[in-house]
Amino acid sequence: MARLPAGIRFIGSFSRDQWYRAFIFVLTFLLYASFHLSRKPISIVKGELHKHCAGGEAEPSFSGQSSSAGHRPPRQLPDNETDCGWAPFDKNNYQQLLGALDYSFLCAYAIGMYLSGIIGERLPIRYYLTFGMLASGAFTSLFGLGYFYNIHSFGFYVVTQILNGLVQTTGWPSVVTCLSNWFGKGRRGLIMGVWNSHTSVGNILGSLIAGYWVSTCWGLSFVVPGAIVAAMGIVCFLFLIEHPKDIRCSSTLSMHSKGYENTVDRFRLHKPALHSEKSRPLDPEMQCLLLADGKSSICPSHVVVLPGDSGNSMTAISFTGALRIPGVMEFSLCLLFAKLVSYTFLFWLPLYITSVDHLDAKKAGELSTLFDVGGIFGGILAGVISDRLQKRASTCGLMLLLAAPTLYVFSSVSKMGLEATIAMLLLSGALVSGPYALITTAVSADLGTHKSLKGNAHALSTVTAIIDGTGSVGAALGPLLAGLISPSGWSNVFYMLMFADACALLFLIRLIHKELSCPGPTAGGQAPLKEH
């Protein structure tokens, strides 16, 4: 018999469960990357909605350059459109109007996120996420249609942003819950750190796609991303598998021949308990992580109950019940300030680069993607460190501690030239995005399987929505504060960001102290097992 080709042998080396798990990993990555892809165009198109024109209502340009005629739509200007941009954004109050578009989207997203988790845990994830993606694609495209139909009503664009912000809240709780159903706690930080790079990938792709049409036909900068999101919604409906039990796969990563190597995070839930107990056996719907001697953990508040396959039969958790889970409030408030910093960079970084390095809007947008590249490495690094140390809060705290002085250096060094700006963009992106990525993924999944839930698999969506919803409040405040403070100088904006980092660290102090004083930690309440 002929020897099988190397490629076929490689495929056969993985089990059926592993292939399905990899498929869900890639699918959910692409699904949420498309959400972020559709959020980016508004920051790219701002420079086209209002131009620093030479005539009429002339205004000084940060770059010292005026928009060229080639940047105008290749058609005759309507009566209510001027050389200064697209009405009504061509007036002197354009900063307030553009800021209102950002704020309307982010406020709707923050408010809707609290409701989304509660609604989502009561509906099938596949249907809920498909609806959200189709609706998001429609509203994103609707904003771009304003270009083709000569719509100059400010209310039209605000309402479109509000509706888009609301429907986009269906995404995060759904994909995090689905991924957590497929992956156990072993190496969760690393897995979700890699997976969370979809945020940066989506931002980069969104910038490139929107930038391609922004100077010639900015309506397509919204219509094309909207079509991509809607198409991915159809893919979601056809291929997303909510839980491994739906196709009779194991619910966690299975062990290999080495058994409990390095950690017992990889033990199988479907195996019977390894310890004989005088009391009645644990409920089959949950497996509690115990120490090797069968006693409770030294730190009983750090024990986690993992949801079993039959967890879906339990009732959904209430909003107040989720808030009472230890660690939810602290990490939610920490994320509020961490996301404030991250989204300030997201919406204001291109303008800052234009001001400091004197680049045009397109080049500044391309250069700003380096911040997202740094964010990819930061998220992965945070996951690796937290898995190795088994200290989620301490890992976030360390990166927040380093981020504050880094932002100060950024504000000073970036004025020295383009090379310094590139280096600080990568470093700042890693330190700013690391805690943000870790909290919204691995930490949320850990807290969603806390012992107080008693194996309730429905709770993860609500916990995730509470944490990200609170963070979204900061996401709405950050760009607003930057717009109010920036006229007094960019250095004051950086001082505000450093203060926000300090506040984020402050809310983690109690959890960091508990982790350092307890020998078997993680931030999500996970207690380790001793090796046998």
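Before we zoom in, what share of the contacts in the protein chain with a separation of 6 or more comes from residues 24 or more positions apart? After that, please take me to helix α6 and the helices around it.

Guide: Happy to! Please keep in mind that this is a predicted model. As for your question, residues 24 or more positions apart account for 81% of the contacts in the protein chain with a separation of 6 or more. The chain holds 18 helices and two strands, and 58% of its 532 residues are buried.

Now for helix α6, which runs over residues 154-167. This helix has 14 residues and reaches 21 Å from its first C-alpha to its last, close to the 20 Å expected at 1.5 Å a residue. Its buried residues are Tyr157, Val158, Thr160, Gln161, Asn164, Gly165 and Val167. You may find a general rule handy when you look at such a list: an α-helix has 3.6 residues a turn, so residues three or four places apart point the same way.

What covers these buried residues? The cover includes α3 (41-49), α4 (94-120) and α5 (125-148). Let us visit two of these neighbours in turn.

Start with α4, where you will find Leu98. Leu98 counts as buried because its relative accessibility is 7%, and the cut-off for buried is under 20%. Leu98 and Val158 are 60 residues apart in sequence, yet their C-alpha atoms are 9.7 Å apart in space. If we leave aside its neighbours within four places in sequence, Leu98 is in contact with Lys46, Leu49 and Phe89.

Next comes α3 itself, which has a partner of its own in helix α10 (residues 220-239). In general, two packed helices are described by the angle between their axes and the distance between the axes. Here the axes of α3 and α10 come within 10 Å and cross at roughly 165°. That angle makes α3 roughly antiparallel to α10, and their crossing is right-handed. To see where they meet, find Pro41, Ile42 and Val45 in α3, and then Ser221, Phe222 and Pro225 in α10.

As a general point, nonpolar side chains tend to be buried together in soluble globular proteins. Apart from its neighbours within four places in sequence, Leu497 touches Leu340, Val341, Thr344, Phe345 and Leu407.

Helix α12 is also the place of Glu330, a residue that counts as buried at 15% relative accessibility. Setting aside neighbours within four places in sequence, Glu330 is in contact with Phe507, Leu508, Arg510 and Leu511.

One last stop is Ser444, in helix α15 (residues 418-447). Ser444 is buried, with a relative accessible area of 1%. Ser444 and Pro173 are 271 residues apart along the chain, while 9.8 Å separates their C-alpha atoms.

Methods. Residues are numbered from 1 along each chain as its sequence is written. This is a predicted model: local features need pLDDT of at least 70, side-chain atom pairs count only at pLDDT 80 or more; totals for chains, interfaces and linings use all residues. Side-chain values use heavy atoms; hydrogens and water are left out. Helices (H or I, at least four residues) and strands (E, at least two) are DSSP runs, numbered from the N terminus. The expected span of a helix is 1.5 Å times one less than its number of residues. Buried means under 20% relative accessible area, exposed over 50%, partly exposed in between (1.4 Å probe, protein chains only). Contact means heavy atoms within 4.5 Å. Axes are lines fitted to C-alpha atoms, for helices over the stretch in contact, and angles run from 0 to 180 degrees between N-to-C directions. Angles under 35 degrees count as roughly parallel, over 145 as roughly antiparallel, 65 to 115 as roughly perpendicular and the rest as oblique. A crossing is left-handed if the near helix is turned anticlockwise from the far one by less than a right angle, and right-handed if clockwise.
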